[in-house]
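Welcome! Take a moment to look over the model below, and then let us walk through its parts together.

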Amino acid sequence: MKTRALYVAAFVAALAVGAGVYATMGASPAPPATFVLLDGSRQTTEDLKGKVTLVNFWATSCVTCVAEMPKVIATYDKYKDRGYDTLAVAMSYDPPSYVVNFAETRKLPFKVAIDNTGAVAKAWGDVQLTPTTYVVNKRGQIVKRYVGEPDFAELHQLIEKLLAEA
């Protein structure tokens with residue numbers, strides 16, 4: 001009986017540690033990376049600080065990515081004047097000419113980066129599925145990750161909450 005109690009205690013302790021790891025993942029620092037924007041300029045993870053930022057890994061060949069882009073644009077337009085930004089990161093396998101064409105024809109109003117080496121996707125948790133979207137708070141911490149299209153109503157609530165933070 002003592003052995004069973006010991007196993008139960010160890011299991012409960014492991015769960016508590018796991019829950020702690022999960023809870024801290026909710027606000028982990030955004031990984032260091034350099035984003036090369038379509039205009040050739042560079043932006044780093046450090047540059048994200050001070051704004052609530054949506055970092056969206058996508059591809060022109062991703063049906064879900066293309067379908068969600070009008071909602072990503074609408075979200076940007078809704079919050080951009082309140083300290084919100086969007087950075088769309090095209091995957092390494094996406095031909096740069098396709099990305100440029102997409103950004104121009106869809107009139108993407110936010111920054112678009114091309115991750116031509118795959119280093120940014122690797123740094124941000126080895127992103128392979130698109131869309132993968134991160135919400136970064138004003139302190140440069142990732143507070144939410146979506147794989148697939150986000151629930152935009154929930155996303156807007158989160159953005160509102162993060163914009164209200166000091």
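## A central strand pair

Strand β4 (residues 52-58) pairs with strand β7 (residues 132-136) in the antiparallel sense, over 5 bridges. Strands (E, at least two residues) and helices (H or I, at least four) are DSSP runs, numbered from the N terminus, and two strands pair if DSSP finds at least two bridges between them. Along this pair, N56 stands opposite T133 in β7, and L54 has V135 as its bridge partner.

A word on the origin of these values: this is a predicted model, in which local features need pLDDT of at least 70 and side-chain atom pairs count only at pLDDT 80 or more, while totals for chains, interfaces and linings use all residues. Residues are numbered from 1 along each chain as its sequence is written, and side-chain values use heavy atoms, with hydrogens and water left out.

## The whole sheet

Now step back to the sheet. It is open and has 6 strands in the order β1-β8-β7-β4-β5-β6, with mixed pairing. At the edges are β1 (28-29) and β6 (111-114), each of which pairs on one side only.

T132 stands opposite V147 in β8. These two strands form a hairpin with 4 residues between them, and G140 in the turn has a positive phi of about 80°.

How many residues of β7 are buried? The count is 5 of 5, where buried means under 20% relative accessible area, exposed over 50% and partly exposed in between (1.4 Å probe, protein chains only). Both faces are covered, with T132, Y134 and V136 on one side and T133 and V135 on the other.

## Helices on the sheet

Helix α3 (residues 96-105) lies across β4, β5 (84-90) and β6, and runs at about 170° to β6. Axes here are lines fitted to C-alpha atoms, for helices over the stretch in contact, and angles run from 0 to 180 degrees between N-to-C directions. Helix α5 (residues 152-164) also packs on the sheet, touching β4, β5, β7 and β8 (141-147), and its direction makes about 175° with that of β8.

Helix α2 (residues 63-79) has a partner in α5: their axes come within 12 Å and cross at roughly 25°. Residues making the contact (heavy atoms within 4.5 Å) include K71, V72 and Y79 of α2 and F152, I159 and L163 of α5.

## Aromatic pairs

The structure holds 7 aromatic pairs. Rings of Phe, Tyr and Trp (its six-membered ring) pair if their centres lie within 6.5 Å; planes under 30 degrees apart count as stacked, over 60 as edge-to-face and the rest as tilted. One of the pairs joins Y79 and Y84, edge-to-face at 5.9 Å centre to centre with 65° between the planes. Y79 is buried at a relative accessible area of 0%, and Y84 counts as buried at 1%.

In another pair, the ring centres of W124 and Y134 are 5.2 Å apart and the planes are at 65°, so this pair is edge-to-face. It links distant parts of the chain, with W124 in the loop between α4 (119-123) and β7 and Y134 in strand β7, 10 residues apart. W124 and Y134 are both buried. Together with F35 and F57, W124 and Y134 form one aromatic cluster.
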